[in-house]
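Work through the exercises below with the sequence and the 3D structure open. Each task is followed by a solution in steps.

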Amino acid sequence: LRSIVDINARPVEQLATEDLRPLPDAEEAMRTLLDRLGSSEWAVQMEGLNTARALAIYHAGTTVLPQLHAVSRAVLLVVENLRSQLSRAAIVALGDCFNYLRNQMDPELEAIFVVLVKKAGETSGFIADEARRAVLAAIDHCSPPRTTAALVHANLTRNGVIKGKVALFIERLVEFLGAR
C-alpha cells in the first residue's frame with residue numbers, strides 16, 4: 001500500500017537551465033520568492049531556486065533586478081545549506097544569474113565570491129565543480145574590475161586551499177582579458 005504522501009508527492013529537483021520556461025505570473029512568483037528561499041522545507045527551497053532562475057532568465061527587469069541584493073543574499077544562504085542537492089542548486093542559480101544578468105551582478109560579486117571560492121575548495125566533487133563553473137561564468141560575464149576586486153576580497157583568508165583556488169581564478173581572468 002502506498003501512503004497518501006507517496007501518491008500526492010511530486011518530485012522536486014533542480015531543473016536544467018534549458019528546461020526552465022517563462023512564468024505565467026512573474027510578479028506573483030517574485031512576491032513569494034524570498035519566503036520560499038527562506039523556508040525550512042527543502043522542497044520549497046528547491047522550487048524557489050528554480051523560480052529564481054526562471055525569473056532571472058525571462059523576467060529579470062521587472063522582478064529580480066529591483067530586488068537583486070535581497071535575492072542574492074537569500075540564494076547565498078541556501079548555498080550554505082547542509083543538504084548538498086540544495087547547495088548545488090543554489091550555486092547553479094548563481095551561475096545562471098552571472099550568465100543572464102551579466103554585469104548587473106557586479107554589486108553582489110564580493111559577497112558571492114567569498115562563499116563560492118570556499119565551496120570550490122571543498123572536497124565534495126560535484127559542489128566544488130559547480131562552484132568553479134559559477135565563478136568562471138562571473139569571470140566571463142561580469143566586469144573585469146569588479147571581478148578582480150571580488151577575487152582579491154575572497155583571498156583575504158589564511159586557508160591555503162582557498163588562496164590556491166583564487167590564484168587559479170585570477171589566472172583564468174588574466175587569460176580571459178588577454179583574449180579580448
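**Exercise 1.** State how many nonpolar, polar and charged residues are in the lining of the largest cavity.

Solution. The lining has nine nonpolar residues, one polar residue and no charged residues. In this classification Ala, Val, Leu, Ile, Met, Phe, Trp, Tyr, Cys and Pro count as nonpolar, Asp, Glu, Lys and Arg as charged, and the others, Gly among them, as polar. The model is a predicted one, in which local features need pLDDT of at least 70 and side-chain atom pairs count only at pLDDT 80 or more, while totals for chains, interfaces and linings use all residues. Residues are numbered from 1 along each chain as its sequence is written, and side-chain values use heavy atoms, leaving out hydrogens and water.

Next, list the residues: Ala52, Val64, Leu68, Val71, Ser72, Val75, Ala93, Leu94, Cys97 and Met105 line this cavity. Helix H4 (68–79) and helix H5 (84–101) are the elements that give two or more residues to the lining. The largest share, four residues, comes from H4. Helices are DSSP runs (H or I, at least four residues), numbered from the N terminus.

Last, the volume: the largest cavity holds about 70 Å³ of space. A cavity is a set of points on a 1 Å grid over the protein atoms alone where a 1.4 Å probe fits but cannot get out, and lining residues have an atom within 4 Å of a point.

**Exercise 2.** How are H8 and H9 oriented to each other, roughly parallel or roughly antiparallel?

Solution. Start with the axes of H8 (residues 144–154) and H9 (residues 160–179), which come within 9 Å and cross at roughly 165°. Axes are lines fitted to C-alpha atoms, for helices over the stretch in contact, and angles run from 0 to 180 degrees between N-to-C directions. Angles under 35 degrees count as roughly parallel, over 145 as roughly antiparallel, 65 to 115 as roughly perpendicular and the rest as oblique. H8 and H9 are therefore roughly antiparallel.

Then find the contact (heavy atoms within 4.5 Å). Pro144, Thr147, Thr148, Leu151 and Ala154 of H8 meet Ile162, Val166, Phe169, Ile170, Leu173 and Leu177 of H9. By class, this contact has nine nonpolar, two polar and no charged residues.

**Exercise 3.** Which class of angle applies to H2 and H3?

Solution. The axes of H2 (residues 26–37) and H3 (residues 42–58) come within 9 Å and cross at roughly 140°. The two helices are therefore oblique to each other.

For the contact, residues of H2 including Met30, Leu33 and Arg36 meet residues of H3, among them Val44, Glu47 and Leu55. By class, the contact of H2 with H3 has nine nonpolar, three polar and two charged residues.

Definitions and conventions:
1 Å grid on protein atoms, 1.4 Å probe; cavity = no way out; pocket = protein on both sides within 12 Å on 5 of 7 lines; lining within 4 Å. Points joined across faces, edges and corners; volume = space filled by probe spheres on them.
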